[in-house]
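Subject: Structure handover

Hello,

Here is the structure for you to look through. Please open it first, then read my notes below.

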Amino acid sequence: MRTGLFYLTLLLMGGVGPINAQEIPERLTLEDALRLARQRNPALLRSQAQADATGADIRAGIGSFLPRVEGGLSFTGSSLTRVTGEDDFGQPVELPSPITFQSSGASQTVGASLTLFDGFRNVNTLKAARAGAAALDRAVDAEALRLDAEITRRFYDARRAQLLVEIEQRLLAARREELAATERLFGVAGQTQVDVLGAEIEVARQEQSLERARGDARKATLTLAQEMGIEGEAGFEPVGDFPSPFDVRALDTEALVRRAIARHPRIEVATARVAEADYQTGAARAVRWPTLEARGSFTRFSNRNSYDALFDLNPKDRNVGFSLTASIPLFSGFQTSQTIARAAASEEAAREDLREERLRLEREVRSAIIDLGNAFRTVQLARRSAELGRRRVEMAREQYRAGSLGFTELQQIVTRSADDERQALTASMEFATALATVQELVGERIQP
């Protein structure tokens, strides 16, 4: 089982206790976010707790091969008063005076029983418990993969929001420069008062855009902190670059699909569930077999015609007994058939679940690779448009200062270029999140 390794990792990473603000870097990298999420995320820790609970099922399965031992201690006492008796001919007569009889007993027993043969029901039950434990262990791995991908997506979304703030700040500085240039041109009759007011309006609008971007960045950071399992205000700033885009044609799609179907934890969970259902069916069918059981007991006891045996902890009489019992099920009102039918149906359902999971995972991998390819082409076009837009803005501002371009035309060019900058940043983020999705589905890091 991987539970021990998981907890060792948590111990080395700092455990799962309350986290201090000093433990969270002010400049949070993706590696920091993944590390903290492995320590703190409730869904992952809940999945691990469920996996740990299977240890009791396995111990119970092992215990079915061991003798069952029972011990007993009892004390009894009674008092009987007779006012009637029998004469020499067996007729009831009244006694001259009542007679009281007292008795007591003490008993100490240790017994053991062992199932010698039950149609391999115990064997199948133990194997089913181990298969169930393996399924939950792999479910922990699947949850860890999902968490890594989700944290990666949330991190890049928060990083995009932070970079959008920087874009809006640059745009605000540019708007203020345009306002200053317009005021200078107005002073030499190069522009009108209407243009100056328009420039002031654009500055105010850009200030609003900056405030919205800052609010969105704070919310994205809070969402990342929540997914990491961190309570309270998120006092960190995501830092780092987006992964470099690459052409998905460099990837072998068929090999990635085969790798995912062969080794992904989701498939391994479904495979373990099939094995568990198969063993449970075997355990159900074992009910039709004879059962052979051995029993043995040792008893110390004492009986007295008084209350002297009460609380006697060392009775002298001894008794040793043993038995060998075979039982054969003949008819159970069709309950055995019903149990076997349900177990067989569950096994078939588990096999279909496995087949369905394979089909679903293959579809998801292929779709994710298509999305990654689209994201690559989008980021290329978006970056090209942003670069051309920046060059166009520079030329437009030169023309505006020279008086050969109107204020309205300049604002249209600047606004379009700003949109291109935002779209290029969003495209880089979407490629990063698409790559994280592919890596989650394949189960490992993807290299072009």
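Predicted model: local features only at pLDDT ≥ 70, side-chain atom pairs only at ≥ 80, totals over all residues.

Helices and strands here are DSSP runs, numbered from the N terminus; a helix needs at least four residues and a strand at least two.

**Confidence**

The average pLDDT of the chain is 87. Of the residues, 94% score at least 70. Residues 1-18 are another matter, with a pLDDT below 50. In the model this stretch still has 34 contacts beyond near neighbours in sequence.

Most residues other than glycine have a negative phi. Phe120 is not a glycine, yet its phi is positive, at about 65 degrees. Phe334 also has a positive phi of about 65 degrees, and is not a glycine. Look for Phe334 in the loop between β6 (317-327) and α9. Is Phe334 buried or exposed? Its relative accessibility is 62%, so Phe334 counts as exposed; the cut-off for that is over 50%.

**The cores**

The largest nonpolar core has 52 residues. Which residues have the most contacts inside it? They are Leu28, Ile151, Tyr156, Leu224, Met228, Phe236 and Phe242. Several elements give two or more residues to this core: α2 (30-40), α3 (42-52), α5 (121-187), α6 (193-228), α9 (335-402) and α10 (407-442). The most comes from α5, with 18 residues.

Take Leu224 as an example. Setting aside neighbours within four places in sequence, Leu224 is in contact with Leu28, Ile151, Arg154, Phe155, Ala158, Phe236 and Pro238.

**A helix pair**

Two packed helices are described by the angle and the distance between their axes. For α2 and α3, the axes come within 6 Å and cross at roughly 45 degrees. That angle makes α2 oblique to α3. Which residues make the contact? From α2 come Arg38, Gln39 and Arg40, and from α3 come Pro42, Leu44 and Leu45. By class, the contact has three nonpolar, one polar and two charged residues.

Best wishes

Note on methods. Residues numbered from 1 in each chain as written. Heavy atoms only, no water. Core = buried A, V, L, I, M, F, W, Y, C linked by side-chain atoms within 4.5 Å. Buried < 20%, exposed > 50% of the residue type's maximum accessible area, 1.4 Å probe, protein only. Contact = heavy atoms within 4.5 Å. pLDDT = per-residue confidence, 0-100. Axes fitted to C-alpha atoms, helices over the stretch in contact; angles between N-to-C directions. Parallel < 35°, antiparallel > 145°, perpendicular 65-115°, else oblique. Nonpolar A, V, L, I, M, F, W, Y, C, P; charged D, E, K, R; others polar.
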